[in-house]
Amino acid sequence: FASRRKVDGTSGVYGVKAFYTEKLHDEQIRVYLQENGMDLQQAVKVWELLRNPMMLTVYTQTCKELRDNCDLEYFRFFHEVHNKGELIANYLESLAAKQYMQYIDKEDATWEVVMDLYMAHFLLPSIAAYMESGNFFLMQQDELFEIVCELQQNLLADWNYICFWFEKRELSEYEFLKELSGLKIIKYLRNFPTVFYGDKEWKFTHHNFRDGLAAMNFIRICEMGVWKKQIPDILYAKLSDDLVEFVGELLYCDYGVRKETLLDVVMNLFRGKSAELIQIPLYNILQIKKSVEGNLAGNDFSNLDLKGQILEPYIDGNYGVIRTDFRDAVIYPENLIPNGHESIVEYVGFSPDGKLVVTVGSDGSVCLWNAYTVQLERKFIMSNSGFCINTEFSEDGRLLAVAAYNTVYVWDVESGEEVLC
């Protein structure tokens, strides 16, 4: 009953992709864990997660490998697992360790451990991120070959970071990675059949593997950005809800306790920069923080341009802003009171560049929304509210005109000032 369910994302109703997973009962989980010699008390922390048959299988296999390989010097594990993100990370690490143990007494053992770690921490996460960004789960062999070659080239472009990463794990013989061919990589991917497998068609065996690995890729790229002191390019695209959840699970281990994390260090790269440069990256970081912490109390917003950001909920459980730092931050009314319309929306339009959406409500309110982050940018009020006839942006997108009956309102989009009525 706890076998892995193969999921490729093609099944569904009326063309809508869907996943179907049976939920296990307490007694089924208990029996399976006992038959595999697992500690029931330790499993309580992730009991709800184990109701998923595939996660139960992954958990038992990971625990077995950890008992044998947790002290291996080249591998890093979460010693306490709280969520599926940490469990999947441990599973990947345990697969790499298991593969290495088969070669530990051979001459090419060092080659093997470098290759295993490179696959588990660089290539597989890169493939997962590519597939997650397109929201698909399988691809043909020819497409995989092309993608692997492209990803390998992109990874080698940051060779100095790869050197830094392996040297942190006290590994120095990694030069051969520069010579890896696409065919060699695909052949080696077959060592991870429980995660990613195929022949003519390649797929992740479960959507949690794809999204969990994509989150690992996101974290690695953010770490590289901090190392380079550059805002990571991956932050300039809005993250999916699943990716936000997995990243939060991997970065926050001590729940209920705030501590400086990778996200805080990334936010330091935004300070003093214009809203146009940091708006979407900051939005992504705040979404991850909200998903784990529940609110943004205690965060450091100093010297940040908060244009377009919704900071609620930013208060703590006592309705206070204790420890929240807004010194020298550029704050806008929509940051703390992100209300849209209070009545029916009568009209919707787009700016010439497609970056803004304008909506007009029957209450006389005119709202400008960021088309990428769906955040409120500006809110205008028509003094004589009435049925909206039309809206129009100027060709350069700097002015917005709204026609309502015999009145035309014109606002400056950037300053929010009324130009003509």
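**A kinked helix, packed helices and antiparallel sheets**

Helix 12, which spans residues 275-293, is kinked by about 30°, with the kink centred on proline 281. The bend at a residue is taken here as the angle between axes fitted to the seven residues ending there and the seven starting there. Glycine 294 follows helix 12 and has a positive phi, near 85°. The structure is a predicted model, in which local features need pLDDT of at least 70, side-chain atom pairs count only at pLDDT 80 or more, and totals for chains, interfaces and linings use all residues. Residues are numbered from 1 along each chain as its sequence is written, and side-chain values use heavy atoms, with hydrogens and water left out. Helices (H or I, at least four residues) and strands (E, at least two) are DSSP runs, numbered from the N terminus.

The next topic is helix packing. Two packed helices are described by the angle between their axes and the distance between the axes. Axes are lines fitted to C-alpha atoms, for helices over the stretch in contact, and angles run from 0 to 180 degrees between N-to-C directions. Helix 5 (residues 109-134) and helix 9 (residues 207-228) have axes that come within 7 Å and cross at roughly 115°. Helix 5 is therefore roughly perpendicular to helix 9; angles under 35 degrees count as roughly parallel, over 145 as roughly antiparallel, 65 to 115 as roughly perpendicular and the rest as oblique. The crossing of helix 5 past helix 9 is left-handed, a term used if the near helix is turned anticlockwise from the far one by less than a right angle, with right-handed used if clockwise. Among the residues in contact (heavy atoms within 4.5 Å) are Phe122, Leu124 and Met131 of helix 5, along with Leu213, Met216 and Arg220 of helix 9. By class, the contact of helix 5 with helix 9 holds ten nonpolar, three polar and four charged residues. In this scheme Ala, Val, Leu, Ile, Met, Phe, Trp, Tyr, Cys and Pro count as nonpolar, Asp, Glu, Lys and Arg as charged, and the others, Gly among them, as polar.

Helix 9 also meets helix 7 (residues 159-168), and here the axes come within 11 Å and cross at roughly 105°. Helix 7 is therefore roughly perpendicular to helix 9. Asn160, Tyr161 and Phe164 of helix 7 touch Arg220, Glu223, Met224 and Trp227 of helix 9. The residues of this contact divide into four nonpolar, one polar and two charged.

Helix 5 has a further partner in helix 6 (residues 141-156): their axes come within 10 Å and cross at roughly 120°. Helix 5 is therefore oblique to helix 6, and the crossing is right-handed. Helix 5 contributes Tyr118, Phe122, Leu123, Ser126, Ile127 and Tyr130 to this contact, and residues on the helix 6 side include Leu144, Ile147, Val148 and Leu151. Eleven nonpolar, two polar and one charged residues make up the contact of helix 5 with helix 6.

Turning to the strands, an open sheet of three has the order 3-5-4 and antiparallel pairing; two strands pair if DSSP finds at least two bridges between them. Its edges are strand 3 (138-140) and strand 4 (196-198), each of which pairs on one side only. From one strand to the next, the twist averages 20°. Three bridges link strand 4 to strand 5 (residues 201-204) in the antiparallel sense, and tyrosine 197 stands opposite lysine 203 of strand 5.

A four-stranded open sheet is also antiparallel, with the order 6-7-8-9. Strand 6 (345-350) and strand 9 (376-381) form its edges, each pairing on one side only. Neighbouring strands in this sheet are turned by 15° against each other on average, direction ignored. Strand 8 (residues 365-370) runs antiparallel to strand 9 and is joined to strand 9 by five bridges, with leucine 368 opposite arginine 378 in strand 9.

Finally, strand 10 (residues 388-393) and strand 11 (residues 399-404) pair in the antiparallel sense over five bridges. Threonine 391 has valine 402 in strand 11 as its bridge partner. Strand 10 and strand 11 form a hairpin with five residues between them, and glycine 397 in the turn has a positive phi of about 75°.
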